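Take a moment with the structure below.

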Amino acid sequence: MSGTMNRSKCLWSLTPTMIQIYLLVLLGWIKTFDKYFTDQTQHILNNMVVKLAEDPRRKFIWSEISFFSKWWETADIHKQEAVRKLILGGQLEIVTGGWVMTDEANVHYFAMIDQLIEGHQWLERNLGVTPRSGWAVDPFGHSATMAYLLKRANLTSMLIQRVHYSIKKHFASTRSLEFMWRQAWDTGSSTDIFCHMMPFYSYDVPHTCGPDPKICCQFDFKRLPGGRINCPWKVPPKTVVEANVAERAHVLLDQYRKKSKLYRSKVLLVPLGDDFRYDKALEWDQQYINYQKLFDYMNSHPEMHVQAQFGTLSDYFNAVYKEHGVGQGSRPADYPVLSGDFFAYADREDHYWTGYFTSRPFYKSLDRVIESHLRGAEILYSLAVANARHAGMEGRYPVSDYALLVDARRSVGLFQHHDAITGTAKENVVIDYGTKLLRSLIGLKRVIINAAHFLVMKNKEFYRFYQTEPFLETDDRRATQDSLPQRTLIELDPAGPRYLVLFNTIEQERLCVVTVLVNTVRVRVLTEDGQTLPVQLSAQWSSASQMSAEVFEATFMVRLPPLGLAVFHLYDSPDSPMTLRSDTLLRLSGRSATARAADPLPVRSQQSDPQMFYISSQSLTLGFSGTTGLLESIKRKGDPQEVKVQMQFMVYGTRPSKDKSGAYLFLPDGKAKPYNQKEPPVVRVVEGPLFSEVVAHYQHFQQTIRIHNVPGVDGLSIDITTMVDIRDQTNKELAMRMVTDIQSGDVFYTDLNGFQMQPRRHYLKLPLQANFYPMPSQAYIQDSHHRLTLHTAQSLGVSSLESGQLEVIMDRRLMQDDNRGLGQGLKDNKKTANRFRLLLERRSTGNKMMDSAATSFPSILSHMTNAILNHEVLALPVLPKRRGIPPLQTFSPLKSILPCDFHLLNLRSIQSQQDPHSPSPYTALILHRLALDCGLETQNLGFNCTTTQGQLSVSGLFKNLDLQLLQPMSLTLMHSSTPLANDSTISLDPMEISAFKLKLR
C-alpha cells in the first residue's frame, strides 16, 4: 500500500485540474415540454446570454435542441448574435446536439438517427456548429448503438453516467472509467470512440466533486441557507469570503484529488449542475462568483499543484488528448478497449431499472407505427417530388407537405426522450406526447396519400391536387390519442368498382396476404391487368362469439413491388367462384354451446375437449392445447418431428415491503405465478385457403395466432397479436412465456435498438429482475439444431429464466411511485395490442453454431420477417368520384433489385437553407448493410434475394430519375466528402450505416 501512496504523491506534484461547469436540461417528465419551456427553460437561456457575457472565463454546455430551437425562434436578433459569439469564443458548447437526449433501451435506431439528424440540421442552418462530444447523463443504462451512431456522425468523444453501481466500482478500481468503446463485430478499431464514465451515484453537484456527497453538497451554492433547497447531509454551503477561502479551497481540492485517482489522466472533469438549474440570475452569480474565488485562490498558490478553471466538455476531452499526446478521439496509450452495453442499470441494492422496458406499452407500440409511417412518408415524398421535378410539374405538386414531415420528425424525435418512450412521465405529460404523436400520424398519412395520388396517375396531365378533396382515404383511423385504430370500411357498389392502392414500404418485392374491410359477402378482387385473385372471406367479430352482419374481412394474396404502389379493383359481384368463405369453429365450454342459425357466414360450435387440435399451411403445422386454446407445438414442413413451443401466461406481483415496483423499477414478489381464471376460455378456430388462425379469449387478454398459406417470408413465421387489458388489476404484471425443448442453457440473445444482437446470460446469483433486458425488435434462443426468434413490433422487457424459455412482460399496472422522482404509479393503462412474429429456424446440417461469445446475427429470413412485421402494407382506398376515376397504374420505383442484405433506412428530403419548412433539391440516402448468420437453412423467401459483397450502383437504382449528385456524408449530413462520379459503385461493410447526399430529378 505504501508504494501506491508514494506513487500517487508524485503524480500530484504536477497535476493540473480542470473544473467544468455545465448545465443539463431535462425535458418532458413532470411537466409538458411547453410548460417546462415557459416556466424554466427560456429563463435559463435568457440568463445564460447575460451571465456568460459578464466574464469570458465562464463556460456552459447545452444538450437538447428541441428546447434550444424553441427559444431561438422567439429570441431577438441581439440574443441570437450574442449566442453565436459565445459559441465562437468557446464559452458555450452544444454537446451531442440531438433533438433530445434519447433513451437508449427502447428506441429504434431509425428514430435515434432521425432525431440526431433533426438536431444537427437545425444547428447547421442556424448556428453553423458541429458538435464534437456526446453527453448522456440521464438515460437509464447505455447502448453500444449510440456509441456507433455518434462515431458515424463524426463526434470524437462521449460521456455516460447511469451505469450499474457495481460496474462503476469495478471500473474505478481498475481505472477503466475512460475507455475506447468498440462495436462487438468490429475486427479492427474503426468503430472506436473515446468514452468517459462518471464515477458516482448521480450527475448532481453532491455526486460530482468527489466521493463524499456531504462535502460536495457544501459546494452547490444554490443550496445556500435561505434558498428553497438544502443539503440533506445537514451541512450547508458557506459563501466564500476572504476569511474562509483557504479552508474551503483545501476541502474542495481534497475531494478533487480523491476523484482524480480513479482516472488515468491528470485532467479532471467536475460537472456542476442538475435538472433545470440556472433559471434564476441569482444562481448564476452564486455558482460562478463563489467558484471563481476558489479557483483564483487555488491558482495563485503554486504549492497546491492545481490549475482550476471553468471549461466545456470538449475543453476537458481536448486536455486529455493533449496530455497523452494523441489526436482528438484517438486512443491514449494503455487506455482499455471495451465492447458491449450497459444494461441492466441498478442505482442501489437490488433496485434494477428493468420495469421501464415495458412501462406504457401502448405508447411504445404507437411510436413504432408512427416511425414506420415517417419512413414510408419520407421515401414516397422524396420520390414524388423527384418525379414531379423530372416531369416539370413541381408547381402542381403539394411540395408544402414538407412542413408535415418536419412536424412529424420533431414529434417522433421528442418522444425518443428518456422520459417519454420509457413510460416514465406523469400522466398529463403522456397525454401531451400522445396528442402530438397522433397529430403527426394524421399528417404523415396525408403526405403518403398526396404522394401516392401523384405517383399512380397513368397520365400525369390528369393530375389535379385539391387540398380539401383527398384522392385516397387513409387505411385506418384513431378516434383519440389513446384508442386503437379502426380500419377503413370499403363500401362496394354493384354500379362499379372501388380502387385500392397498396403501399409496400420495404425495399424488397413482397408476396403477402392483405386484409381489407368490406360491406358485403359478394366481393371480387382483380389485379390492375384484370386477373381475378383468390379471396378468403371472414367475419368481423364484435365479441368472442358475436359476428357483425354488416362488415366482413376480405383477405387476398398480392405481390407488391419494392417501395412501390400497386392498384387493385374491388367489385360487388354475386358470381365470384374465387371468393371462398372461412370455416369457423367455436370451441365452447358446456354452458354456452348453442346452435347458431342466423349468422351471415357459416359457424360451427362444439364443446371443447382436452385433445390437442391443429391448424396448418403449406409451411407450418401448429398444435394447440384443447384446454387452454394456446400454442403447444410447431412443426415445419419437411422436419421429422414437431418442436414443443408452449405458450403460457404468467403474473408477477410486487413486494409487500417498502420498496415496490413502479414506472422505472421491477421489484417482483418472487417468481411469476400462472395466470388463471375460473371459466375456460372461448376459443375460435378459423381455417381457409389463405390463412388460418386460433383466437383464445381470456378475461385480461385475447391471443390470436395466425399463419398465412403463402410461399415465402410471410408464410414462414407465425403472426401473433395479443390484446392486453389489465385495467382492473392492482400491482400486477402480465407476462407471455414460451416454454420449448430447445437446449439453450443460460444463454439468450436480445437486440439493441433493432440494430444489433447482444448475447445475454441468465445469472442465477443475481435477483430475477436483473435478468431482464430491453427487446426493441427481437430476442432468440438456440441450440445446435434450432433457433426460435420472437420478433416484436414494440419494445418490451424480455428474459430467459430457464433453459428453453423466452418470456416477455406485456403490461404492468402499479399503484405506487418507486421513489425515482416521478411521484406517480402506472395507473393509466390502455387496451393495448402487442404484435409479434414467431420464427422457428433450423441449423443447416454440418453447420454448427458459428456465434462467438461476443457476436451473433439474424438470418436473412429473420431480417425480412422483422421488416414485414414493422412495416405493414398500407391499404389506401381511392375515394369514389362523381366524375369517375382517371386511369391508374402501378408505381414501381426501383430499376434494379436492391441487394437483400441492404436496408434502406431512409430517403430523407433535406431542408432548404432559406426556409426550414420547404425542401432543398437534395435528398439524404441512408443505407444499412445487414450482417447475416448464414448457418440457418434458407427456405424459399418468395422473392429474388441476391447479395453483392456490399456493392451498389446508386445511379442504377431509381427508375425514370437522373442522379445528378452522389456525395458521401457523415451520418447526420454535417461533414461531407468529395462527391463521387455519378455512376460510381458504393461499397458498405456488414453492419455499416452510411449516408449519401443525392440530387435526383
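The paragraphs below go from the whole chain to single residues.

This is a predicted model, in which local features need pLDDT of at least 70 and side-chain atom pairs count only at pLDDT 80 or more, while totals for chains, interfaces and linings use all residues. Residues are numbered from 1 along each chain as its sequence is written, and side-chain values use heavy atoms, with hydrogens and water left out.

Start with the overall build. The chain has 16 helices and 45 strands. Here helices (H or I, at least four residues) and strands (E, at least two) are DSSP runs, numbered from the N terminus. The C-alpha atoms fill a box of roughly 100 × 65 × 55 Å along the principal axes. The radius of gyration is 30 Å, which agrees with the value near 30 Å for a compact globule of 1001 residues. That radius is taken over C-alpha atoms, and the globule rule is 2.2 Å times the number of residues to the power 0.38.

Of the 1001 residues, 64% are buried. Buried means under 20% relative accessible area, exposed means over 50%, and partly exposed lies in between (1.4 Å probe, protein chains only). The chain exposes about 35400 Å², and carbon and sulfur atoms supply 52% of that area. Accessible areas come from the Shrake-Rupley method with a 1.4 Å probe; for residues, only the protein chains shown count as cover.

Now consider contacts, meaning heavy atoms within 4.5 Å. Take the contacts in the chain with a separation of 6 or more: residues 24 or more positions apart account for 74% of them.

Helix 12 comes next. It covers residues 361-390, so 30 residues in total, and reaches 44 Å from its first C-alpha to its last. That is close to the 44 Å expected at 1.5 Å a residue. The expected span is 1.5 Å times one less than the number of residues. Why is helix 12 described as largely enclosed by the rest of the structure? Because 28 of its 30 residues are buried. Glycine 392 follows helix 12, with a positive phi near 65 degrees.

Glutamine 255 is found in helix 9 (residues 245-260). It counts as buried because its relative accessibility is 1%. Leaving out residues up to four places away in sequence, glutamine 255 touches Cys209, Gly210, Pro211, Asp212, Ile215 and Cys216. Phenylalanine 171 lies in helix 7 (residues 165-173). Its relative accessible area is 11%, so phenylalanine 171 is buried too. Beyond its neighbours within four places in sequence, its contacts include Ser176, Leu177, Met197 and Phe342. Phenylalanine 171 and methionine 197 are 26 residues apart in sequence, yet 8.9 Å apart in space, C-alpha to C-alpha.

Finish with the loops. Which kind of peptide bond runs from phenylalanine 343 to alanine 344? It is cis, with omega near -5 degrees. Alanine 344 lies in the loop between strand 7 (337-338) and helix 12. Lysine 234 lies in the loop between helix 8 (213-216) and helix 9. Its phi is positive, about 75 degrees, although lysine 234 is not a glycine. Lysine 234 is exposed, with a relative accessible area of 72%. Asparagine 819, also not a glycine, has a positive phi near 60 degrees. Asparagine 819 is found in the loop between strand 37 (805-813) and strand 38 (832-842).
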